[in-house]
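Here is a short report on one helix pair and a set of salt bridges. Keep the sequence and the 3D view open while reading.

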Amino acid sequence: MGKDSKATKQKGQLLSFVPTGEYYFTKGVKAFHRQDLKKAEKYFQRAMHLEPGEPMIICQLAIVQSELGEYQPSNRLLHMILEELDENMVDCHYFLANNYAHMGLFRDAFRHANLYMEENEDGEFAEDALDLLELLTMEAEEMDEDYYEEDDLIVKQEEARNHLETGEFPLAIEIFTEVIEEYPEYWSAYNNLALAYFYLGETKKASDILNDVLKRNPGNLHALCNWLVFIHYEGQEKEGQKLKEALEKIYPIHVEHQFKLGATFALIGEYELAYRWLKKLQKSGFEGDGAFYYWLANASYFTGRENMARSAWKKVLEHNPEKDGMEPWSEKSGMKFEAQVSVILSQLNSDYPEERLFALFLTSVSAKKKEILAAEKSIDKLTEMEKSYFAYVSSGNLSSKEEEVKGAHETAKLLYDHHQPIGKNEAGVYIMWFSVFEQAAKAGYDFKNKKAWAAAVDYLWDKLRNIRTTKAAVAKKYGLSAATLSKYINLASEFLHEEDSI
């Protein structure tokens with residue numbers, strides 16, 4: 001198994017990439033070859049955000065996460081490639097086999113190593129896969145069937161929980177139902193199945209499942225906690241108060257139960273009770289995951305312990321960097337980016353020029369523009385062009401030498417006519433535009449034909465996400481000829497291929 005480090009380096013040299021993620025992908029590959037794995041992970045995550053359906057980028061991110069020991073997130077990505085994007089990327093089976101072996105899930109490691117050999121017996125990792133199979137066979141001789149049944153149960157439960165956490169509720173329901181059929185007294189699967197139905201709005205089914213659990217397994221703490229959450233969100237205050245008071249009197253021994261109580265109290269807004277349990281766990285040396293620190297940060301913040309909340313949130317971001325901007329003290333609360341002062345201020349201090357430019361545009365269209373401009377003091381890290389944009393956003397004044405900034409802004413405004421309000425799904429088209437703009441400005445291009453630039457980026461963004469569109473339709477949308485659009489599509493594509501130095 002020690003050979004996979006070498007194998008992943010070889011893989012890093014072979015992967016190709018697509019235009020808009022190229023900048024971050026290139027930086028990620030270079031960081032990976034320097035063995036700066038955390039930086040490589042960060043760059044590949046950014047590339048994946050820009051190119052969400054590109055399997056090569058996702059595979060490289062999975063490899064880096066495996067090197068970092070982040071086996072579960074790596075497995076999620078590898079399964080996504082094989083199940084949703086490209087079933088012919090058989091190398092993913094080898095990487096999965098290694099990950100499962102490191103996790104001690106030998107049955108699944110054996111299965112994926114065999115799948116790799118069946119589909120690619122002369123492949124790049126064939127020798128390593130055979131070595132792994134030999135090692136796993138030796139391990140298997142020491143394991144009985146009960147172990148493998150437990151192994152299979154853990155994998156299914158983890159897979160289903162991942163679907164639950166990412167909002168893929170029908171898939172989660174399918175797997176939890178299968179688990180229940182195989183293990184009729186595995187209460188955790190029942191409780192999670194109830195949650196999946198509840199999130200889908202099928203509250204009757206969810207309640208029936210919990211009632212069944214509590215009838216067959218009275219006092220099941222997870223079922224009681226889920227029941228409290230259900231009735232809280234359904235506004236059954238009297239019943240909720242009784243159950244909350246009952247749960248307050250429970251002092252479980254198991255760490256898992258203590259965490260469940262703390263998270264449940266936080267979910268229903270009983271932050272002092274939540275803080276008591278979560279802080280107790282932390283003091284006892286409990287090494288929680290991102291979810292644990294998420295609830296600890298919320299419980300701390302809403303009970304006035306801001307320093308503790310900020311310390312816990314740092315841990316949240318270590319586990320789940322994509323939650324940046326979702327801290328309990330931010331304005332997020334489901335609002336779009338234009339209204340999120342803390343997110344915009346954070347982006348203004350990004351290390352990436354296209355993100356700083358995007359943040360300046362967000363400032364210009366935000367109802368909280370004055371608040372953002374008043375709070376943003378550190379503009380020293382901005383480039384001269386970005387400082388000009390900052391001044392333009394602040395006062396509307398611009399010298400004749402800085403017309404390119406006005407062109408960039410007005411092009412983004414044209415995109416805004418078609419892509420607003422701005423959430424995660426819309427943000428990518430602006431990042432793409434400001435990436436194109438930065439490279440085109442360096443090459444000395446002007447931005448007089450704003451409609452053409454906007455239409456070209458709009459077209460490329462749709463193509464990137466596999467949204468069916470035609471040049472004729474996009475040209476009509478922006479009032480252009482198809483020939484002009486084609487010319488600017490070629491230009492924009494060229495600049496998206498420009499490679500920035502590290």
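## Terms and model

Buried means under 20% relative accessible area, exposed means over 50%, and partly exposed lies in between (1.4 Å probe, protein chains only). The model is predicted: local features need pLDDT of at least 70, side-chain atom pairs count only at pLDDT 80 or more, and totals for chains, interfaces and linings use all residues. Residues are numbered from 1 along each chain as its sequence is written, and side-chain values use heavy atoms, with hydrogens and water left out.

The structure holds 13 salt bridges. Each is a side-chain nitrogen of Lys or Arg within 4 Å of a carboxyl oxygen of Asp or Glu.

Start with D208 and K204. Their side chains meet at 2.9 Å, N to O. Both lie in helix α12 (residues 203-216), 4 residues apart, about one turn of the helix. Helices are DSSP runs (H or I, at least four residues), numbered from the N terminus. K204 counts as exposed, because its relative accessibility is 58%. D208, at 38%, counts as partly exposed.

Next come E384 and K387, which form a salt bridge at 3.8 Å, N to O. Helix α22 (residues 384-395) holds both, 3 residues apart, about one turn of the helix. E384 is exposed at 60% relative accessible area. K387 is partly exposed at 27%.

K450 forms a salt bridge with E410, the closest N and O atoms being 3.7 Å apart. This pair links distant parts of the chain: K450 sits in helix α25 (residues 450-464) and E410 in helix α23 (residues 403-418), 40 residues apart. K450 is partly exposed, with 22% relative accessible area. E410 is also partly exposed, at 27%.

## Packing of α15 and α16

How do α15 and α16 pack? Helix α15 (residues 255-267) meets helix α16 (residues 271-283) at an angle of about 150°, with axes 7 Å apart. Axes are lines fitted to C-alpha atoms over the stretch in contact, and angles run from 0 to 180 degrees between N-to-C directions. The pair is therefore roughly antiparallel (under 35 degrees is roughly parallel, over 145 roughly antiparallel, 65 to 115 roughly perpendicular, the rest oblique).

Contact means heavy atoms within 4.5 Å. On α15, the contact residues include V255, F259 and L261; on α16, they include Y271, W277 and K280.

Methods:
Helix = DSSP H or I, 4+ residues; strand = E, 2+ residues; numbered from the N terminus.
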